[in-house]
Amino acid sequence: ASDVYKRQILYCPGNHEPVRRAIPQPPIQERYRRILSSARTMNFATNPFTAIIEDRRFLVYHGQSLDEIIQSLPDASYSTLEKDVGRVLTTVIKARHLAPIYGENTQILPLQEDHLVIDTLPDLLHTGHIHRVASISYHGVSLVNSGAWQEQTEYQKLLGVEPSIGTAVLVELSSMNTFIRFFG
């Protein structure tokens with residue numbers, strides 16, 4: 001099963017994809033999958049999803065609920081994300097829930113089972129919604145937030161978000177060491 005993901009792109013929808021806004025989100029629709037996968041091999045996943053790669057458990061979540069966490073943490077804000085991203089991500093692991101604050105802006109689909117509960121700790125939690133690159137470890141769990149590939153938007157400027165533009169986090173699966181690469 002681990003060979004399935006080699007050299008492939010795993011596509012997790014978020015708040016700008018053509019799917020429902022409430023989490024958990026389904027994969028993007030087939031008509032968009034055909035366009036995106038015409039030139040490369042891609043796996044279209046839900047948000048969140050878990051992938052086992054080389055016997056490592058990856059929990060991938062776009063991260064819409066990170067907005068509420070930022071707003072609830074003392075002394076944290078979008079303008080201080082460079083130093084606070086670690087606190088934001090560790091809050092998710094401590095709470096064992098991907099959306100630990102209920103009733104704010106993050107829409108959660110009412111289901112019989114809560115698919116946002118973290119029953120089994122992953123080897124790596126990957127998010128991206130807040131556009132600041134980060135790679136830390138918390139109690140043996142690697143916590144990674146992707147950077148961004150676009151310049152700061154007007155909306156981000158209003159919030160004070162300084163995106164990490166042109167960044168990627170590489171993970172060496174044998175050691176789970178992470179490396180931040182800057183492309184710019």
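The side chain of Thr106 reaches the backbone oxygen of Gln64 at 3.4 Å, a polar contact in the sense of a pair of N or O atoms within 3.5 Å, where within protein one atom must be able to donate a hydrogen and the other to accept it, and where residues adjacent in sequence count only if both atoms are side-chain atoms. The structure is a predicted model, in which local features need pLDDT of at least 70 and side-chain atom pairs count only at pLDDT 80 or more, while totals for chains, interfaces and linings use all residues. Residues are numbered from 1 along each chain as its sequence is written, and side-chain values use heavy atoms, with hydrogens and water left out.

- Thr106 is found in the loop between α3 and β5 (124-127); helices (H or I, at least four residues) and strands (E, at least two) are DSSP runs, numbered from the N terminus.
- With a relative accessible area of 13%, Thr106 is buried; the term buried means under 20% relative accessible area, exposed means over 50%, and partly exposed lies in between (1.4 Å probe, protein chains only).
- The side chains of Thr106 and Glu68 are joined by a polar contact of 2.6 Å.
- Not counting residues up to four places away in sequence, Thr106 touches Ile23, Gln64, Ser65 and Glu68, contact being defined as heavy atoms within 4.5 Å.

**Salt bridges**

- Six salt bridges are found in a search of the whole structure, each being a side-chain nitrogen of Lys or Arg within 4 Å of a carboxyl oxygen of Asp or Glu.
- Glu30 pairs with Arg33 in a salt bridge whose closest N and O atoms are 3.7 Å apart; the two residues are three apart in helix α1 (residues 30-36), and therefore separated by about one helical turn.
- Glu30 also forms a salt bridge with Arg34, at 3.9 Å from N to O; these residues lie four apart in helix α1, again about one helical turn.
- Glu30 is partly exposed at 43% relative accessibility, Arg33 is partly exposed at 25%, and Arg34 is exposed at 53%.
- Lys83 and Asp84 meet through their side chains in a salt bridge of 3.1 Å, N to O; Lys83 is exposed, with a relative accessible area of 60%, whereas Asp84 is buried at 2%.

**Nonpolar cores**

- The largest nonpolar core has 25 residues, and those with the most contacts inside it are Leu66, Leu81, Val88, Val92, Leu98 and Leu125; such a core is a set of buried Ala, Val, Leu, Ile, Met, Phe, Trp, Tyr and Cys residues joined through side-chain atoms within 4.5 Å.
- At least two residues of this core come from each of α2 (66-72), α3 (81-95) and β7 (141-145), and α3 supplies the largest share, six residues.
- Leu81 touches Ile70, Val88, Ile130 and Arg132, with residues up to four places away in sequence not counted.
- Another core, of 12 residues, lies apart from the largest one and includes Ala51, Ile53, Leu124 and Met176.

**Second largest pocket**

- The second largest pocket is lined by 15 residues, of which Thr50, Leu59, His115, Val117 and Ile118 lie nearest its centre.
- On a 1 Å grid over the protein atoms alone, a pocket is an open set of points where a 1.4 Å probe fits, with protein on both sides within 12 Å along at least five of seven lines, and lining residues have an atom within 4 Å of a point.
- Two or more lining residues come from each of β3 (49-53) and β4 (56-60).
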